[in-house]
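Let's take a walk through a protein together. Have a look at the picture first, and then we will go through some of its parts one by one.

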Amino acid sequence: VPPAQRVDWPPPKMAVNFTVQRIDTAAFGPMRLLPSQKTLDLGQAPPAFAAESDLSRRSTLFPLPAGAAILRDLRVWHAGTPNLTSETRFLPNVELISAEYAAFADGPHSFTP
């Protein structure tokens, strides 16, 4: 993300995930979101799972009804959890980017700091 777009609002990229079926237990592989955490600086990365706090490990999104939409800033740290059931869990998404970010992504640029 270019420096001029490293702001809280508006986000340069958003995702909308859709629950195709009910996600009602931790065993069904719900998404995890780490509140107030987002990558803004070059080289910054989320912590390894083993280094996360117990609260972070339990930051799962369930229960969710079929047909729910999860709107999220793509900079927010997120992860999946294991699906321990015999049923496949689907979570399709649509990604949206701002015109400013699209111009940056399509144009010549350098990823050096």
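Is aspartate 24 buried, partly exposed or exposed? With a relative accessible area of 37%, aspartate 24 is partly exposed. Here, buried means under 20% relative accessible area, exposed means over 50%, and partly exposed lies in between (1.4 Å probe, protein chains only).

Before we go on, a word about the model: it is predicted, so local features need pLDDT of at least 70 and side-chain atom pairs count only at pLDDT 80 or more, while totals for chains, interfaces and linings use all residues. Residues are numbered from 1 along each chain as its sequence is written, and side-chain values use heavy atoms, leaving out hydrogens and water.

Aspartate 24 has a partner: its side chain meets that of arginine 22 in a salt bridge (3.6 Å, N to O). A salt bridge is a side-chain nitrogen of Lys or Arg within 4 Å of a carboxyl oxygen of Asp or Glu. Side chains of opposite charge can pair when their charged atoms come close. Arginine 22 is partly exposed too, at 45%. By this rule the count comes to 4 salt bridges. Another one of them joins arginine 58 to aspartate 54 (2.8 Å, N to O). Arginine 58 counts as exposed because its relative accessibility is 55%, and aspartate 54 is partly exposed at 46%.

Now let's turn to the sheet. It is an open one, made of 3 strands in the order β3-β1-β5, with antiparallel pairing. β3 (69–73) and β5 (93–97) stand at the edges with a single partner strand each, so one side of each has no neighbour in the sheet. From one strand to the next, the twist averages 15 degrees. Strands are DSSP runs (E, at least two residues), numbered from the N terminus, and two of them pair if DSSP finds at least two bridges between them. Between β1 (residues 13–18) and β5 there are 5 bridges. Asparagine 17, for instance, stands opposite asparagine 93 in β5.

Finally, find aspartate 73, which has its place in strand β3. Aspartate 73 counts as buried because its relative accessibility is 12%. Its side chain forms a salt bridge with that of arginine 75 (2.6 Å, N to O), and arginine 75 is buried as well. What else does aspartate 73 touch, not counting residues up to four places away in sequence? The answer is Pro11, Lys13 and Met14, where contact means heavy atoms within 4.5 Å.

Key
Helices (H or I, at least four residues) and strands (E, at least two) are DSSP runs, numbered from the N terminus. Axes are lines fitted to C-alpha atoms, for helices over the stretch in contact, and angles run from 0 to 180 degrees between N-to-C directions.
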